[in-house]
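Have a look at the fold first, then we'll go through the domains and the helix packing.

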Amino acid sequence: MIKLTKLEEPSELKIARERFLDKYLECFEFSDEKYKKKIEISSSLKNKYNIANVKRTLESETHGKCAYCESKVRHITYGDIEHILPKVHRPDLVFEWTNLTIACPQCNRIRKNDYYSVNEPLINPYTEDPGEFLFACGPMIMPKPANDKGFITQQLLELNRAELHERRKEKIELIHYLIESWAQANGPRKAVLKKTLLKYIEPSKEFSFVLKGYFKACGLI
Ligand SMILES: [Zn+2]
């Protein structure tokens, strides 16, 4: 997970919010500071936030990756529009630009368990730097010791699930040959190799968080 920056809200979302939010909220009742579903949301109203330009803009601010696990979502399948605070708990934020991002189907499905805590929300990569809560240890993403937010986020999003662990490990093993060459090189050759290696931790690259940790451990950065 890396820090992300919101782009400008597409006007289509604002229009959808003005047209449909009140209708959407009519399906809920609000009492004791909580929303509870009153009636089923009609299928025509359910996905009104799912607008092509909204999705395109979100994909560009997440660099075509899942905002949580950094998998390139377009490689596997199209990512889903994800509500950072779940829409079942916060239907008032269903059309809220700052509450939307892109998640891969796996992270999205896990989030469907709908963990929601006002006091201990998961890491929000737009407003917080995930590196303050998590660190990379080889192919693993670990919570910093005694860091509740890091721990809850890592556990609930299953950030070390087998498939992710395997792919990160493969990537590290592959890149290690380049690291070896860099470590043994001198002069301009070393500088060129470093430049090549640094491309792997650009925000658009898959698993850049883990690779950054690995590069730090190797003394590259
Ligand atoms: Zn994911």
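Domain bounds here come from an automatic or database domain assignment. On that basis the chain splits into domain 1 (11-123) and domain 2 (162-218). Keep in mind that this is a predicted model.

**Domains**
- The centres of domain 1 and domain 2, taken over C-alpha atoms, are 34 Å apart.
- Seven residues from domain 1 and seven residues from domain 2 make the contact.
- On the side of domain 1 that touches domain 2, you'll find one nonpolar, three polar and three charged residues.

**Helix 7 with helix 8**
- Helix 7 (residues 162-184) packs on helix 8 (residues 187-198) at an angle of about 155°, and their axes are 8 Å apart.
- Angles over 145 degrees count as roughly antiparallel, so helix 7 and helix 8 are roughly antiparallel to each other.
- Their crossing, helix 7 over helix 8, is left-handed.
- Helix 7 brings Leu178, Ile179, Ser181 and Trp182 to the contact, while helix 8 brings Lys190, Leu193, Lys194, Thr196 and Leu197.
- Sorted by class, that contact of helix 7 with helix 8 has five nonpolar, two polar and two charged residues.

**Helix 7 with helix 9**
- Helix 7 also packs with helix 9 (residues 208-218), at an angle of about 40° and with axes 11 Å apart.
- The crossing of helix 7 and helix 9 is right-handed.
- From helix 7, Arg168, Lys171, Ile172, Ile175 and Ile179 meet Val210, Leu211, Tyr214 and Cys218 of helix 9.
- The class tally for helix 7 with helix 9 is seven nonpolar, no polar and two charged residues.

Key: Residues are numbered from 1 along each chain as its sequence is written. This is a predicted model: local features need pLDDT of at least 70, side-chain atom pairs count only at pLDDT 80 or more; totals for chains, interfaces and linings use all residues. Axes are lines fitted to C-alpha atoms, for helices over the stretch in contact, and angles run from 0 to 180 degrees between N-to-C directions. Helices (H or I, at least four residues) and strands (E, at least two) are DSSP runs, numbered from the N terminus. Angles under 35 degrees count as roughly parallel, over 145 as roughly antiparallel, 65 to 115 as roughly perpendicular and the rest as oblique. A crossing is left-handed if the near helix is turned anticlockwise from the far one by less than a right angle, and right-handed if clockwise. Two residues are in contact if their C-beta atoms, placed from the backbone, lie within 7 Å. Ala, Val, Leu, Ile, Met, Phe, Trp, Tyr, Cys and Pro count as nonpolar, Asp, Glu, Lys and Arg as charged, and the others, Gly among them, as polar.
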